[in-house]
Amino acid sequence: MNNLVLGIAHTAYSTAQMDKMLDFYCNKLDFKHAFSIRDDNGNPWIEYVKLADNSFIELFYAKPEQIKDGDKRYNHLCIRVNDINAIAELLKSKDIVITSGPSVGKDKNSQCWCADPDGNRIEFMCVSPESPQAKA
């Protein structure tokens, strides 16, 4: 697996306080807002904050009723890879259930998903040169 992994691409959180989160990460911590992704209906869906080259925080819009006190706000860990099909085959060979993919996401990157034993979602992503991440 090590020869396929390039590093952590992003960590993702859900928030019902997007303005405060963007203010915290961009104004207080001095990271840069990189880009936004809208859902199929054109509604705000995800905001990307750039930490360094190829390293982001992904913030998902959530309604206040979707996040109650004590709920996890963690959404998923994304591991950047150089070959999505090779990763998918490797996961299968280790009897790891792929919960989604390989497929291409709205950001034009190839992805596949699994979960750790506690159910934490893990995304494996191969960055496309046409993606907003590559252009950011």
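Helices (H or I, at least four residues) and strands (E, at least two) are taken here as DSSP runs, numbered from the N terminus. The model is predicted: local features need pLDDT of at least 70, side-chain atom pairs count only at pLDDT 80 or more, and totals for chains, interfaces and linings use all residues. Residues are numbered from 1 along each chain as its sequence is written, and side-chain values use heavy atoms, with hydrogens and water left out.

The sheet comes first. Eight strands form an open sheet of mixed pairing, in the order β2-β3-β4-β1-β5-β8-β7-β6; two strands pair if DSSP finds at least two bridges between them. The edges are held by β2 and β6 (100–104), each with a single partner strand, so one side of each lacks a neighbour in the sheet. From one strand to the next the twist averages 25°, where axes are lines fitted to C-alpha atoms, for helices over the stretch in contact, and angles run from 0 to 180 degrees between N-to-C directions.

Residue E47 illustrates both pairings: the bridge partner of S36 in β3 is E47, and E47 stands opposite L59 in β4.

Helix α1 (residues 18–28) lies across β1 (5–15), β2, β3 and β4, and runs at about 165° to β4. Helix α2 (residues 84–93) packs on the sheet, touching β5 (74–81), β6, β7 and β8 (121–126), and its direction makes about 20° with that of β7; contact means heavy atoms within 4.5 Å.

The structure holds five aromatic pairs. Rings of Phe, Tyr and Trp (its six-membered ring) pair if their centres lie within 6.5 Å; planes under 30 degrees apart count as stacked, over 60 as edge-to-face and the rest as tilted. The rings of W45 and F60 have centres 5.9 Å apart and planes at 80°, so this pair is edge-to-face. Because W45 lies in strand β3 (residues 44–52) and F60 in strand β4 (residues 55–61), the pair ties together parts that are 15 residues apart in sequence. W45 counts as partly exposed at 31% relative accessibility, whereas F60, at 11%, counts as buried; buried means under 20% relative accessible area, exposed over 50%, and partly exposed in between (1.4 Å probe, protein chains only). Y48 and F56 form another edge-to-face pair, 5.4 Å centre to centre with 75° between the planes. Both Y48 and F56 are buried, and ring pairs link F35, Y48 and F56 into a cluster.

The elements that give two or more residues to the lining are β3, β4, β5, β7 and β8, and the largest share, three residues, comes from β3.
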